[in-house]
Amino acid sequence: MKIYNTLSKSKEEFIPLEEGKVKMYVCGPTVYNLIHIGNARPMIVFDTVRRYMEYKGLEVNYVSNFTDVDDKIIKKAIEEGVDSSVISERYIAECKKDMEALNVKPATTHPLATNEICGMLDMIGTLIEKGHAYAAADGTVYFRTRSFKEYGKLSHKNLDDLQGGNRSLLVSGEDQKEDPLDFVLWKPRKEGEPAWESPWCDGRPGWHIECSVMSKKYLGDEIDIHAGGEDLVFPHHENEIAQSEAANGKTFARYWMHNAFLNIDNKKMSKSAGNFFTVRDISEKYDLQVLRFFMLSAHYRSPLNFSADLMEAAKNGLERIVTAAEKLRDLQSKVTGELTEAEKASLEEAKGFMTKYEEAMEDDFNTADAISAIFEMVKFTNTNANADSSKAYVDALYAQLNNMADICGLILEKKAEILDEEIEKLIQERQDARKAKNFARADEIRNQLLEQGIVLEDTREGVKWKRA
Ligand code: AMP
Ligand code: ZN
């Protein structure tokens with residue numbers, strides 16, 4: 001499996017630190033609003049990387065944070081006159097709904113910055129002790145960038161070039177820094193902002209420290225993959241490397257993966273320019289599977305253009321795959337019998353599409369080529385499976401097509417809607433089980449309903465239910 005590593009600017013063979021296991025950290029969104037379709041790109045791309053690795057038998061420990069303390073969250077909280085946790089909790093819940101509709105698996109752990117302040121204070125303390133950070137007179141703590149000799153290795157920037165570009169900072173009031181390149185680890189409280197006690201001043205963390213700390217806590221000092229959108233390479237990821245490697249004395253992440261940006265009608269997405277869509281906006285017009293399919297139709301390192309025409313094309317493309325799967329399912333219920341010799345040979349041919357698919361994914365997750373292999377498979381099943389086929393043959397073709405789609409997180413089988421009468425019947429059965437003190441069965445029914453998106457609520461007036 002080859003991964004393009006931003007650090008070496010080349011494709012490298014992927015060798016995990018521990019055989020069979022992958023430690024992966026993906027920078028998550030700042031939760032002050034509904035996520036936009038640009039935010040959905042890294043979610044979908046790296047979820048697909050995870051799914052492919054799991055398909056190959058690797059155990060992936062996938063950590064993705066929510067940044068829940070930030071200027072934009074605080075601004076919104078002040079506007080609404082609520083605590084900033086009200087804003088972040090609201091948008092974390094909304095983000096999780098979008099992720100589910102995009103079929104993005106929940107991370108193994110989704111840490112929140114505000115729950116990890118202790119770890120941040122520890123790491124900042126270590127950096128000060130080791131001479132990599134210092135507190136200014138007002139209690140702001142800065143990272144001493146020049147003390148980390150390898151600074152710039154990820155973004156391939158040279159410290160002196162950076163110094164030139166940053167000279168303006170010196171005149172913009174940040175003169176308590178020893179050097180314009182130094183960046184903030186901890187900053188003093190401002191009126192109306194959330195703040196925590198610290199040895200330097202009451203305040204809150206800078207943005208970069210949270211990822212270094214959460215990655216260390218949930219995955220360890222050294223991890224396999226660190227990922228995010230390409231805008232994060234500098235300064236966010238460069239600063240994370242400096243903090244983690246200076247504090248821990250170990251290589252932070254072996255492979256750095258970055259997705260290219262999503263543009264709209266060939267322009268940068270921006271609210272003020274009026275070309276801005278949330279994932280929720282798109283869900284009003286399309287099943288979000290279409291958005292997922294659209295995102296994967298390009299290689300993750302290529303810029304991706306979003307337009308109404310391209311979404312229509314994605315919708316039609318996905319429909320071709322879903323229709324082929326429906327046709328196979330329909331045949332499955334009609335045909336019988338075992339494989340003929342001719343069918344065995346035909347299945348060998350079909351396996352060739354899976355090989356092509358895997359080759360594409362092994363080559364730095366080229367989902368565009370993997371999807372071409374799915375289309376070849378669709379064409380093949382449309383031509384070869386019919387009422388004269390054996391059940392074993394149709395089953396095998398369906399399993400392969402479904403597998404190819406599933407690795408990309410595309411769902412070919414629509415979840416059957418559970419009818420109101422069936423829900424009522426199960427609720428009655430649960431009531432009977434409870435009366436008979438068969439609580440195991442009662443719980444089983446509750447969980448079964450939950451899996452189908454039905455939430456039960458026991459009230460004084462009896463059991464109420466709703467579709468989640
Ligand atoms: P943010 O909430 O801005 O920190 O973004 C969360 C994630 O979305 C980061 O990995 C960003 O790099 C990524 N991201 C933001 N905008 C876009 C975009 N237009 N295209 C692709 N990725 C984006
Ligand atoms: Zn991060």
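Leaving aside neighbours within four places in sequence, histidine 110 is in contact with Ser64, Phe66, Lys96 and Met99, where contact means heavy atoms within 4.5 Å. Histidine 110 sits in the loop between α3 (84–101) and α4 (117–129); helices (H or I, at least four residues) and strands (E, at least two) are DSSP runs, numbered from the N terminus. Its side chain reaches two backbone atoms, the oxygen of serine 64 at 3.0 Å and the nitrogen of alanine 107 at 3.1 Å. Such a polar contact is a pair of N or O atoms within 3.5 Å; within protein, one must be able to donate a hydrogen and the other to accept it, and residues adjacent in sequence count only if both atoms are side-chain atoms.

This is a predicted model, in which local features need pLDDT of at least 70 and side-chain atom pairs count only at pLDDT 80 or more, while totals for chains, interfaces and linings use all residues. Residues are numbered from 1 along each chain as its sequence is written, chains are lettered from A and ligands numbered from 1 in the order in which they are written, and side-chain values use heavy atoms, with hydrogens and water left out.

The loop between α3 and α4 also holds threonine 114. Threonine 114 counts as partly exposed because its relative accessibility is 25%; buried means under 20% relative accessible area, exposed over 50%, and partly exposed in between (1.4 Å probe, protein chains only). Apart from neighbours within four places in sequence, threonine 114 is in contact with Asp68, Val69 and Trp196. With aspartate 68 there is a polar contact between the two side chains, at 2.6 Å. Threonine 114 and threonine 67 are 47 residues apart in sequence, yet their C-alpha atoms are 8.2 Å apart in space.

The protein as a whole has 16 helices and 15 strands. Its C-alpha atoms fill a box of roughly 80 × 60 × 45 Å along the principal axes. Of its 468 residues, 49% are buried. Among contacts between residues at least 6 apart in sequence, 75% join residues at least 24 apart. The accessible surface comes to about 22,600 Å², and 49% of this belongs to carbon and sulfur atoms; accessible areas come from the Shrake-Rupley method with a 1.4 Å probe, and for residues only the protein chains shown count as cover. The domain assignment gives domain 1 (319–407) and domain 2 (420–467), with bounds from an automatic or database assignment. The centres of these two domains, taken over C-alpha atoms, are separated by 39 Å.

Attention now turns to the ligand. Around ligand 1 there are 15 residues, of which Thr30, Gly38, Gly229, Asp231 and Leu262 come nearest; a residue is near a molecule or strand if one of its heavy atoms lies within 4 Å of it. Helix α1 (37–55) and strand β9 (223–229) each supply at least two residues of this shell, and α1 gives the most, with three. By class, the shell has six nonpolar, eight polar and one charged residues. In this scheme Ala, Val, Leu, Ile, Met, Phe, Trp, Tyr, Cys and Pro count as nonpolar, Asp, Glu, Lys and Arg as charged, and the others, Gly among them, as polar.

Several polar atoms of the protein approach ligand 1. A side-chain N or O atom of aspartate 231 is 2.3 Å from an oxygen atom of ligand 1. Nitrogen atoms of the ligand are approached by a backbone N or O atom of glycine 38 at 3.1 Å and by a polar side-chain atom of asparagine 259 at 3.4 Å. The protein covers 87% of the 490 Å² of accessible area that ligand 1 has on its own.

Threonine 367 belongs to helix α13 (residues 367–384). This residue counts as buried because its relative accessibility is 4%. A polar atom of its side chain lies 2.7 Å from the backbone oxygen of leucine 296. Leaving aside neighbours within four places in sequence, threonine 367 is in contact with Thr48, Leu296, Ala298 and Met361.

Some backbone geometry also deserves attention. Most residues other than glycine have a negative phi, and most peptide bonds are trans. Phenylalanine 234 and proline 235 are joined by a cis peptide bond, with omega about 0°, and proline 235 is found in helix α8 (residues 233–248). Lysine 9, in the loop between β1 (2–5) and β2 (10–13), has a positive phi near 55° and counts as exposed because its relative accessibility is 52%. Histidine 156 has a positive phi of about 55° and lies in the loop between β6 (141–143) and α5 (159–165). With a relative accessible area of 38%, histidine 156 is partly exposed.
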